[in-house]
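Here is a brief report on one protein model. It covers ring contacts first, then a sheet.

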Amino acid sequence: QVQLVESGGGLVQAGGSLRLSCAASGSILSINDMGWYRQPPGKQRELVARIISGGNTDYADSVKGRFTISRDNAKNTVYLEMKSLKPEDSADYYCHMHLLSRNGWTDRWGQGTQVTVSS
């Protein structure tokens, strides 16, 4: 069974930084897209950033220039470096991977990690 485990969330003051990590484990043959989504309280989940296997990246306009997504294919891990954090960045952050296992291509989500930015 493939699992995604996130780490790195927490409480930080506005202007501070955090680094999120998400590692996939299990019988993984290949990973295409890796990404981070967030869901603020009472709102829908939204894309924050994603990175495809070739290394191309895509960011939400609200985080461009402040957040950086990266991946380590050898470790099946995706990272999100967050700088100049704002209170509006507060949300539950979820990692996502589109990956190939013995059961074929599938989408997997992490359990979520909370990020709280105080003003």
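Predicted model: local features only at pLDDT ≥ 70, side-chain atom pairs only at ≥ 80, totals over all residues.

Rings of Phe, Tyr and Trp (its six-membered ring) pair if their centres lie within 6.5 Å; planes under 30 degrees apart count as stacked, over 60 as edge-to-face and the rest as tilted. A search of the whole structure finds one such aromatic pair.

Residues are numbered from 1 along each chain as its sequence is written, and side-chain values use heavy atoms, without hydrogens and water.

Y37 is partly exposed because its relative accessibility is 21%; W109 is also partly exposed, at 38%. (Buried means under 20% relative accessible area, exposed over 50%, partly exposed in between; 1.4 Å probe, protein chains only.)

R45 lies over two ring faces. A charge counts as over a ring if NZ of Lys or CZ of Arg is within 6 Å of the ring centre and within 35 degrees of the ring normal.

| Charge | Ring | Distance from ring centre |
|---|---|---|
| R45 | Y94 | 3.8 Å |
| R45 | W109 | 4.8 Å |

Now the sheet. Four strands form an open, antiparallel sheet in the order 1-3-8-7. Strands are DSSP runs (E, at least two residues), numbered from the N terminus. Two strands pair if DSSP finds at least two bridges between them. Strand 1 (3-7) and strand 7 (67-72) are the edges, each pairing on one side only. Six bridges join strand 7 to strand 8 (residues 77-82). S70 stands opposite Y79 in strand 8.
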